[in-house]
Amino acid sequence: MVVVCWDGTPPRDNQRRERDVLAQSISTVPSPIVAQAISETERKSSAPSEPGRHAVVVRRPDGPPLIELAATDPQGRSGQVACSTCHSVRPPNLANRSSDSLDEFHQGLTFNHGTLACYACHNPEQSDALRLADGSVVEYRDVMTLCSQCHAAQATAFRHGAHGGMNGHWDLSRGPQTKNNCIDCHDPHEPSYPKMIVGFKPRDRFLKDETKHDDHK
Amino acid sequence: MTTTNDPSPAGDGGGDRSLPVIANPSRRTAVKGAFATLGAAAFVAAVSPLRQAAQRSSAAEFMQSHYKRLTDEDKRQVIARLEAEAKENHGVEVEIADDRPIPNTKFVYAINLSVCNGNGKCVEACHKENNHDRSTGQSYIRVLEMPKGTMDMEQGNTTYSGVVPKDDKFYLPVQCQQCDEPPCVDVCPVKATWKEEDGIVVVDYNWCIGCRYCEAACPYHARRFNWKQAEVPAEEINPDQSYLSNRIRPVGVVEKCTYCLHRTRRGKLPACLEACPTGARVFGNILDPDSNIRWILENKRVYILKEELGTKPAFFYYFD
């Protein structure tokens with residue numbers, strides 16, 4: 001590992017960092033997740049953080065999801081409820097694999113993630129958490145542990161920076177790096193990456209309408 | 001007519017031995033005068049572009065030496081002048097640094113073609129980061145929409161639009177490959193472009209004569225020519241600049257991707273990588289055995305664009 005000494009940060013870097021943070025929040029793929037500064041090195045016992053090196057921060061959900069209530073109370077206030085608000089008093093249907101069979105909640109939910117049952121990942125005993133294949137509880141914050149059970153190849157590639165987006169520094173001796181979480185880009189219920197619409201296009205000589213201005217005609 | 005070896009004609013004026021043409025001074029002088037006038041007029045016409053250039057550029061800019069020959073003091077003056085020009089011409093305070101290579105670093109890029117969906121966010125990020133002309137929408141990156149089953153760039157299309165990715169296509173972003181054997185550097189007649197220690201091929205925009213040989217030599221179509229002075233609204237100008245990188249370029253010079261050296265030589269990731277929403281882009285130091293790049297080269301199926309040309313790119317494409 002090459003550690004390069006460098007005499008301080010130029011003053012403009014502060015401004016730059018603010019813009020980077022802005023850019024990050026804009027480029028974030030639709031997801032209600034708030035970035036949390038938990039270093040990946042904390043999680044990985046194999047890579048203890050070296051002194052003088054900045055952390056690789058993996059974004060995480062800040063907790064279990066909350067459902068926004070459609071109805072409002074007489075004062076016009078809406079509210080959010082935890083999963084356990086309903087699920088603690090309802091018996092789980094362990095066999096359910098689709099939202100089609102639901103008649104009260106989650107009806108619009110698109111589900112296209114193999115042949116998994118809801119309770120393959122959601123926890124029937126503890127509805128504000130998830131569960132691993134062996135039945136042990138895993139928090140929503142640690143959702144990547146859950147994904148990695150099946151998607152080991154992607155998890156390995158992610159650990160080596162070959163899967164998933166990142167921001168910040170390539171050189172950890174100069175600054176930290178922020179990496180996306182699985183569910184920043186992949187909707188867990190419909191994980192294939194969404195289609196996008198091409199926006200910006202350079203108008204260069206390879207574009208057809210440039211031939212209209214060809215001097216040789 | 002008795003002396004056959006005397007070349008001079010026998011003059012009637014006794015001792016006059018001069019050539020006959022001299023004896024006709026009025027015609028000789030008139031012809032000389034006419035040609036001298038023509039010559040002077042032609043010279044004035046020939047140097048008029050220079051005089052116009054002199055009006056547009058300061059004497060200091062005209063006399064500026066090659067980047068590699070500038071002393072630290074020269075650089076300080078040049079950069080101060082460029083910053084003042086940016087303030088005067090574009091109305092914005094910029095900071096132009098002279099970022100030098102980090103020792104023991106060789107920058108390498110990799111793109112995951114299994115993941116890239118051609119959305120073009122990298123193209124846009126490059127456009128903004130590097131202060132490209134807004135009206136031409138210039139960028140150092142070109143994304144080719146390719147038919148599946150070939151890596152022939154000629155079959156690619158940059159004009160695709162709408163929803164991506166299309167089922168029968170894959171997307172190939174192409175930018176400067178920072179070749180270890182760069183043909184663009186070989187052909188430059190004035191050595192205005194060269195390869196630095198960290199692998200980045202740079203251009204001294206103030207030394208470039210705009211002949212565009214390098215643009216023709218590049219097999220990746222990675223170089224761009226400034227046909228017009230870049231126009232960027234003051235509030236959109238990226239003030240974080242570097243002499244060899246994204247400072248506002250003069251008209252008539254060639255420019256290219258520098259792996260955002262004004263960022264990467266300060267340890268940051270390039271702008272196109274940060275903008276990529278699919279995470280297809282990977283950047284790092286190939287000399288670091290623990291780097292992401294090294295893991296990809298050792299564990300993924302890696303492809304080199306136009307490998308047969310022997311340009312030895314520092315740019316790799318890989319597949320999951």
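Over which residues of chain B does pLDDT stay under 50?

View 1. The structure shown is a predicted model. In chain B, pLDDT stays under 50 over residues 7–11. For residues 7–11 of chain B, the model has four contacts beyond four places in sequence. Where pLDDT is low, the predicted coordinates should not be read in detail. For chain B as a whole, the mean pLDDT is 90, and 89% of the residues of this chain reach 70 or more. For the complex, the predictor reports an ipTM of 0.77 together with a pTM of 0.77.

**View 2. Overall make-up of chain B.** Chain B has nine helices and 13 strands. Its length is 320 residues, of which 41% count as buried. Among the contacts in chain B with a separation of 6 or more, 64% are between residues 24 or more positions apart.

**View 3. The four-stranded sheet of chain B.** The sheet is open, and its strands follow the order β11-β2-β13-β12 in chain B, with mixed pairing. At its edges are β11 (281–285) and β12 (301–303) of chain B, each of which pairs on one side only. From one strand to the next, the twist averages 30°. Strand β2 (residues 107–112) of chain B runs parallel to strand β13 (residues 315–319) of chain B, and four bridges join the two. One residue pair can be picked out here: Ala110(B) has Phe316(B), in β13(B), as its bridge partner. Helix α9 (residues 292–299) of chain B lies across β2, β11, β12 and β13 of chain B. Relative to β11(B), helix α9 of chain B runs at about 110°.

**View 4. The contact between chains A and B.** The contact involves 46 residues of chain B and 38 residues of chain A. On the side of chain B that touches chain A, two or more residues come from each of α4 (121–129), β4 (163–164), α8 (271–275), β11 and α9 of chain B. By class, the residues on this side of chain B are 15 nonpolar, 21 polar and ten charged. Strand pairing also links the chains: strand β8 (residues 196–197) of chain A and β4(B) pair in the antiparallel sense over two bridges. Within β4(B), Val163(B) stands opposite Ile197(A).

**View 5. The three-stranded sheet of chain A.** In chain A, three strands form an open sheet in the order β1-β7-β6, and the pairing is mixed. Each of the edge strands, β1 (56–58) and β6 (166–168) of chain A, has a single partner strand, so one side of each is left without a neighbour in the sheet. The twist averages 25° from one strand to the next. β1(A) runs parallel to strand β7 (residues 177–179) of chain A, to which three bridges join it. In β7(A), Lys179(A) stands opposite Val58(A).

**View 6. The two domains of chain A.** Domain 1 of chain A covers 1–59 + 142–191, and domain 2 covers 64–138. Nine residues from domain 1 of chain A and ten residues from domain 2 of chain A take part in the contact. The side of domain 1 of chain A that touches domain 2 of chain A consists of four nonpolar, three polar and two charged residues.

Note on methods. Residues numbered from 1 in each chain as written. Chains lettered and ligands numbered in written order. Predicted model: local features only at pLDDT ≥ 70, side-chain atom pairs only at ≥ 80, totals over all residues. Pairing = 2+ DSSP bridges. Axes fitted to C-alpha atoms, helices over the stretch in contact; angles between N-to-C directions. Contact = placed C-beta atoms within 7 Å. Nonpolar A, V, L, I, M, F, W, Y, C, P; charged D, E, K, R; others polar. Domains from an automatic or database assignment. pLDDT = per-residue confidence, 0-100. Buried ≥ 20, exposed ≤ 12 C-beta atoms within 10 Å, placed from the backbone.
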